[in-house]
Every structure is written in structure tokens, then in C-alpha cells.
Amino acid sequence: MSAPIAKATTKAQSQTAPASAPASSQTGLSAPPAARAHARDLSFEADLRNGLEGELRTDAFTRGRYATDASIYQIMPKAVAYPKHARDLAAALQIAGQHGVPVVVRGGGTSQNGQPLGRGLILDLSRHFNAITQYDPEARRVTVQPGMVLNTLNDRLRKDGLFFPVEPSTASRCTIGGMTGNNSSGARSLRFGKMVDNVLAVDGLFHDGEAFSLSGANPATPRMAALMGGLTHLARAHRHEIETIFPKVQRRVGGYNLDELLPEQPNYAHLLVGSEGTLAVSSAITLQLSPLPKHRVMGVCHFPSFRAAMETTQHIVALDPVAVELVDNNVLVLGADIPLFVKTLADITRGKPNCLLLVEFAGDDLDALRRDLKRLDQCMGDYGFPDAVVEVIEPARQKPVWEVREACLNIMMSMKGDGKPISFIEDCAVPLEHLADYTDAVTDVFSKHGTVGTWYAHASVGCLHVRPILNMKEADGVRKMRAIAEETADLVRRFKGSYSGEHGDGISRSEFVEPLFGAKLTRAFEAVKDGFDPENRLNPGKIVRPLKMDDRALMRFAPGYQTALPAAPALDWSDWGGFGGAVEMCNNNGTCRKLEGGTMCPSYRATRDEQHVTRGRANTLRLAISGQLGPDAFTSPEMKATMDLCVSCKGCKRDCPTGVDMARMKIEFQHHYYAKHGLPLRERLIAHLPRYARLASSVAPLLNLRDRLPFAAKISEKLLGFSAERSLPKWRKPWQENRAPARPEEVRGDGRDIVLFGDTFNRYFERENLEAAERVLLKAGYRLHRVQPEGRRPMCCGRTYLSSGQTDDARAEALRSLDALRPFVEKGARVVGLEPSCILSFRDEMLALLPAERTGFIAGKALMFEELLAADLKEGRITLPFADQKGRVAHLHGHCHQKAFAVMGPVETILRAIPGLELRVIESSCCGMSGAFGYAVENIEVSKKMAELSLLPAVRKAGPDDIIVADGTSCRHQIHDGAGREAIHVARVLEAALAAL
């Protein structure tokens, strides 16, 4: 059985390129990115289309979206396919082989070192190949397809008291296949190990499409038996090198797992774990499950210095925790400016620590775990840090703490400017006794090269994620990266550690396999590759015969990279150094691909298409404005299709830790697109709504016939594009303020002066909301001032114009309202509104439309109705004598902008202030209407899908006498159309509770 391996070894040595040969020249990747973007192989594409049931995409825009992962690299593929089953996998491999095209398999695309990138065919397994195929809870085993997302799997397992315990910070979007390929681990690896410790079997396909199954030491086919027999002989022939050179740390994922073939009864499947798709393509993975602990508790340890935390880690680990995770000073400082994390950081920190260690204990005895926390406190005191532990025992408090830890990478990537923390030495691991000295030495390396680093993650196993801050747009930044990588590799070797501790080799670290493992083991790794993939078809350039980690032609910011818009920007992007800088804030970590929790990204949750996720849009924008998708790409129909399903929910503004604001980017895009192509009639009708609403309301009975006559809806669909399946808002007699126009000198400045901002939607379609708000405000003792801008029309925020990028008109409307409000606000009045998307534009879009001197006066003065009431109730400035509701239930759905601007708290507070009212908050993403989005015929199905993800099912479960509360006018409309229930504004709930006295 050794003969095939001997032959393969000779072949591997003969194919090894001379050290002086640039790796990129071996794989044909040296052409500029833009040139690669437009290379086509029509015969190959035709064969794939005929041979696959799953979809194939070959357009430059799709290929561009798959040219990057969460690394610094970018390689344009030839095509992207979405296999539906194993037959598609086999066909894709066979067709690619016939055409000499490499194959790269991709899951969530969250790798940090370029693993899922290549110039050939990308197989995205996350869309269709994501099912549980076998499940035995008694045996604690589950078999899943490789596209299964980890959190989706654990949500299912939790019902049986089980979970898969390898939990990377990307658990909300990473796939089991990707985790297996990278030999992932996670925060709790101290207790549960890596993927290789939890994978039982792998079913897959060779490079030529032949299927196999690996489980234990019993290969199922003669081909696999011969191969594994030869590789086992190879491993045992290298026993001495494996036992002396392989790092003796838990976090070792570099090279191939030849050490797993040394036991008398090996599990051959473990050789494929960590192979990064270079050996085979998995079709099913069998996992060992673990019982969920009944309880978890956390101690947040505060340290005055980074070194103190590193020195103390080994003593904390001796207490047998499940996890010990570092949160460094950079995260604490940057996180304090990110709305999503402000409250959590305030909850767990005392004073101003330099850094934190999050220490988790888990088990079934809560009292024992409380004692563990006391032992932790004693340990901290013994080493000079008394009273430095904040206990976090309640599960509801622990969850957001882990969310901060899981977002550490993205928090650090929220740095604005060209200098960013760069991933290439981010998961080296060293023995705990060397951790403090190693981190000091690496810090010195950074200092030598004129930079600093950010640190976080797995202190428990000596694997800290460190990223030096470098500008990869400049040759000097790339030069520094190479120097830092080489010097850090020397340090890892000196401290007897592992250069690849968790995230794999990929492009960043494969070059360092030979320096760390030596020539003899590297030749053995090459023999493993050639035994499985003799034609080098599968993910070439990774682990063996590597690409050059500093080849700028393989990078996102290749030489000559620059961005430009086709005309002057419509909005102010100066905080990011321009529109390009704002787009580049996306680091591709893929938080927007999560399928539950938060708001982002509703269109992806409905479509599961990379085109319709924040990351996909940001990548497409970046490629378009940098000229990599051809001339005029930014204002092309393909770019419009990419932006069309963005519902401007602003979920990414809050949920994306790097603060990518795709809603604002869509305004900028539409401004340029419609300037070139013209504004369609439907969009003109929507945009100009505030200017003709007064006239339209005077003929309300006529306009409302659209939803009463059987043919009218169909006509409006055909002529205007409003879906016949959707009712339109009913025109009404408008809300009128029954008071004379106010004068600024009437404002007393005692906090009780209010301007009620009557937005177009509530004014003309649901005046009862403004009437209810008036009554509540007057009952609370406020004085209302009617402000009349120039002309006969009421004030307007400009929101409808922004929805189609009509920034000049939006600016005019904003100025008209701001100019009217200024004298009242400067005297002490506050502006209060009911519609979140309108009143919150004073905090957001108006600042991008207008200079600070025109908007600064209103900062902190434009409030949601419930914000005003909750704040003043808390301060004791008002009282509201609500009647007891005697147990009635209210279900609250939050508008996306309420969530994005962290104003859900006030609406919950004010509703909880009503005695006897039981409040249940609906955990939902966007309702799917998003202003006019859900009325469009081309969006109707996606709109319904978004609503059916969580909102409408929750509404249908509500009791017949329950109240459905929604502040957004479009949210209420979606609930009416989709569930047949009336949802009401919080103002009406409060009015009813007051009137009941």
C-alpha cells in the first residue's frame, strides 16, 4: 500500500516550485483584478448550465461578490454555482475537471485568510445544501449537510437538551462545512476542543466526483482503502517528526492532521478536518453532540494592564472554567461609541479597566457555580486584584456580554480611515506560561514597524487574536505585513507555539507551513494533497504549494486601486473620507448573514442570496466605484438590481459593528442612477406625495375607489406598478391643529413647550394618531405650539424624496421645516413626532444633507412621542394617571428605525407604565413594507416573505382581545393586509388608558 504514496511523494517534490518563483505565476492569478473580472469560458459555462439542477451565475457582479471573504484578499472566480444535491456536486466536479477549472467550496464566506477564494468555480453550499439528514438524540449524533449554519443547528438541538459545542464567534452565519474545513474551535474549546475532536464521520467526493465515506478506520471503498492505507504508512514513517515538531498546544490547525493517523485505531475522517477544501468536497458531516449545561455563570475580571491579564490567565484556567476570553482596551474604547454595545459595557465594567477577562463556568448545580465565582474572586485577590470581578449570573445579562465578545473583531474593524487591524497572524497560539512574554514580544515587533495591535479572544488556550493596524492600500503597508509575519513566526517557534491556531492557513499563512513544520513534513503534506487530488483541482494554493501572502495582485486593494463616483456626491461622507471609505467599512465578516436576532438583513433572510445582503451590496458598490466591473457599473441596471431589495431598514447601521449604513448608501446610489436614467412615474408619485397630499385628500372618495372597484387595483398595477394584491392607504380628511399659528416669544422654556410634528402619513391617512397624541400631551401638561412654515403646506422631513434619491427636493423640504422650527427650538421648545422614519431623519439624513450650522440647533430636540414621555416621567416632570388594564395583553412590534436608533426602550417603558397591561415584545426583523417598498408589484412576494419570518406568525397567535402596537404606518399596513388585524400607534394606547379613568 505504500507504493502509491511513494509515487505521490516523488510527484510532489517534482511539482514544488523553486523558492524564487512567484506563487501567483503558477496559478494564473497575476493579471489585474479588472482584467480577471471579465474573463469568460463560454463552453465551460454551457456545460455547467446543462449539467446542474442548481443555479449557475457567471455575470461579473455575482463573481465579484464571491471574490472576497473576511480577509484582505480578492480573487475573481470564473463562475458561481449553487448545488441542490450530491448529484450536482459530482457533476460540477466532473465538468470542472474536463475543462481544467479549479473548484473552491464556500459556506458562509467568513474565513479570515482567503480560504474560499480562487479563480475557478465557486460552489456555494449555504443556500440549498443545509439540511439535517440523520439525527439520533439518544446517541447524541447528528449528520448534516455542509451548508448548515451552526446556530440553526443548535436551535434545533436545544429542544432535546443538546448542542454542538464548537462555537466560533461567527456561529450566527458560519456553516458546519466551513468549520470542518478550517478545524474551527471557539470560546469554549478549553472544555470541548476543536472540530477534529467532535467530528465522527465525513461523506464526500473526490476531485473527480466519486463518492466516499470516512468513519473510524474502515474506508467504504477500495479506492479510499488504498489511499488511507498509504497515508497511514506515510504518517507512521514520519512519527518522529510529527511527535517532535507538531506544536504541543491545543490550538494547532496548520498543515494536514497526519497526527490523527498515528493511533492504532484512527478515525480517517479526521484527516479531512482542517484541510480547507484542498483534499475533497464534503457532502455530509456527522457530529458528536454534548448535553446543554443547565446553568452558566460569568465573572468579568478587571485588569489595570494588558500584561497583568496575560500573567493571571494561567491561574484562572486552573480553576477549571469553560472559557476565559479577553476583551482588550481597543474594544472597550471603540465599543463605547457603538449604540448596540453601550448599555452592555456599562453593565459589566466598573471604573476604567484597561482590559477584561470574561470567565465562564457551566454545569447543572447553580450553587456550585456561584462558589466557582467566589473562588475566581479569591484568585483575583490573591494575585493583586481584589474586588475586580463583576458577577453576571442571569442568562439575560450574559447573552449581550457574549455578543460583545463575538463582535470584538468587527468592533475593532469599525476604525475609520485606511488603516485597519489586518488579519494574518491573528490566531497564533502559545503555551499559557509563555503568553505574557509572547504578547510583549509581538507588541515590540509592532512598535519596531511603527504600528500597534489589537488583541482579543481565547486567553484560556493561549490563542489571542491580534491584528496590527496597517494600510493595505500602500506598498509600505504590505511590506510591513510581510516583515511582521516573518518575525512573529520566529517568535512562535521560539515559544513552542502554533502559527495557525484556529482560522486555518489559507493564503495568509500557507507560506509558513514549511518554515514551521520543516521540509520533510511539508513534503509529506504535499503527498497527502497529491494522494487525494493529484491534478490539483481543489482549492489550489492553500496549505501546500502556496500563493504568496503579500502578492498585491491577489489583494482587495491591488496596485492602482482607487474609487470615484460618476458625479459629485449628494450626501456628506466626510466622516469616512468619502463615499469609498464608507463602503470599505464592510470587512466581509458576514454578521449581516445571520438568520435571526436583530434586524439585519431582512432581504437576505427572505432570499438567502448574497446579492441581497449588506455585505454583498457593499462589495458590489466597492467593485463598481473602483472600476472593476467595467465602465458605468455604478449606474448600471445590474447595480440597481443589487440595491433594489435593500429596504432601508437601517438594521445594518445598528447591527453591523462596523456601522455600514446601506440605507444611506442607497440614497446616494439612487441619486446618481435616476439622474442618469430618469425617475419613473411611480417613484415620482411617491416622492412628491407631501406636495399634492392636501389636494388629494380633498378628492379622497374618488382616489379610494382604487380598492373598492374590482378592476381598479389591476389597472393601478399595470399603469403604475402598485401591486393589486396590496391595499393602498385610505385618503382621509387631514389632521388640523385647532390653534392659531404660534410665535416664538410664546415659548416659556420650562420644558413643557412642544411642537407636534404632523408627518404626511399620519396627517392624511391616520389622523386619529395625531389627535390621540394631542390629547395625551395636553393631559400631561404640555403646551402645544403650531408652527407654520412658508406657504400653505405643513412641515415635511423630506423622507419620501429620499426614498428615490431625490436629494435636492429632500434638502429643500428639510430646510423649509428647519427654518420654521429654529426660533421655537432655540427658545426651548422640543419637536415631537409619531412616525419613526420621519422624526428620526432629523438625527440622521438631515445631517448628511445639510451643513452643521443649519442642523446643529435641533440636536437632542427632535424626539419620538414616547421618548419625550418616558424621559419626563422618569424625571418626575409629568404624571399620567392611567387606568388599570386588568391583565390585558399588548404585543409590540418595533419599527426598524426605532431599533436602529435605540428608541425601543422608551416605547417599552411607557407601555409598562400602564398598570395591568402585560407587554410582549415581538422579536422581529423588518415588517417587509418599508414605506413604499411593499406596495411595488416586483417586491410583493419578498415583502410577504419578510413579514412571515416572524412578525405575522406572532400577530396571528395573539388573542382576539389583545392589542397590537406598531408605531410605523407601513408596519400597521402590513399587519392589516397580512394578518387581518388592526395595529395601533402607542399614542392611541395611551389615550385609551387615560380615557378609561
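Here is a friendly conversation about a predicted model.

Trainee: How are helix 4 and helix 6 oriented to each other, roughly parallel or roughly antiparallel?

Mentor: Let's start with the axes of helix 4 (residues 42–51) and helix 6 (residues 86–99), which come within 10 Å and cross at roughly 160°. Angles over 145 degrees count as roughly antiparallel. Therefore helix 4 and helix 6 are roughly antiparallel.

Trainee: Which residues of helix 4 make that contact, and how many residues of the contact are nonpolar?

Mentor: From helix 6, the contact takes in Asp88, Ala91, Ala92, Ile95, Ala96 and His99. From helix 4 come Ser43, Phe44, Asp47, Leu48 and Gly51. Among the residues of this contact, 2 are charged and 3 are polar, while the number of nonpolar ones is 6.

Trainee: Is the crossing of helix 15 with helix 17 left-handed or right-handed?

Mentor: Helix 15 (residues 339–348) and helix 17 (residues 395–406) have axes 10 Å apart and pack at an angle of about 110°. That makes helix 15 roughly perpendicular to helix 17. As for the handedness, helix 15 passes helix 17 in a crossing that is left-handed.

Trainee: Which residues of helix 17 meet helix 15, and how many residues of the contact are charged?

Mentor: Helix 15 brings Phe341, Thr344, Leu345, Asp347 and Ile348. Their partners in helix 17 are Arg397, Pro400, Val401, Glu403 and Val404. The contact divides into 6 nonpolar residues and 1 polar residue, and the charged ones number 3.

Trainee: Which residues touch the most other members of the largest nonpolar core?

Mentor: That core holds 118 residues. The ones touching the most other members are Phe164, Ile176, Leu287, Phe303, Ile316, Leu357 and Phe532.

Trainee: What does Phe164 touch, leaving out residues up to four places away in sequence?

Mentor: Phe164 is one of the residues that touch the most other members of the largest nonpolar core. With residues up to four places away in sequence not counted, its contacts include Asn154, Asn198 and Gln288.

Trainee: Is His207 buried or exposed?

Mentor: His207 lies in the loop between strand 8 (199–205) and strand 9 (211–215). Not counting residues up to four places away in sequence, His207 touches Leu93, Arg223, Phe532, Asp533, Pro534, Glu535, Arg537 and Leu538. Its relative accessibility is 5%, and the cut-off for buried is under 20%. So His207 counts as buried.

Trainee: Glu276 has a positive phi although it is not a glycine; what is the value?

Mentor: Most residues other than glycine have a negative phi. Glu276 is in the loop between helix 12 (269–272) and strand 10 (281–288), and at 5% relative accessibility Glu276 counts as buried. The phi of Glu276 is about 55°.

Trainee: How does Arg608 count, as buried, partly exposed or exposed?

Mentor: Arg608 is found in the loop between helix 25 and helix 26 (614–625). Arg608 has a positive phi of about 55°, although it is not a glycine. At 34% relative accessibility, Arg608 counts as partly exposed.

Terms used: Residues numbered from 1 in each chain as written. Predicted model: local features only at pLDDT ≥ 70, side-chain atom pairs only at ≥ 80, totals over all residues. Heavy atoms only, no water. Axes fitted to C-alpha atoms, helices over the stretch in contact; angles between N-to-C directions. Helix = DSSP H or I, 4+ residues; strand = E, 2+ residues; numbered from the N terminus. Parallel < 35°, antiparallel > 145°, perpendicular 65-115°, else oblique. Contact = heavy atoms within 4.5 Å. Nonpolar A, V, L, I, M, F, W, Y, C, P; charged D, E, K, R; others polar. Core = buried A, V, L, I, M, F, W, Y, C linked by side-chain atoms within 4.5 Å. Buried < 20%, exposed > 50% of the residue type's maximum accessible area, 1.4 Å probe, protein only. Left-handed = near helix turned anticlockwise from the far one by under 90°.
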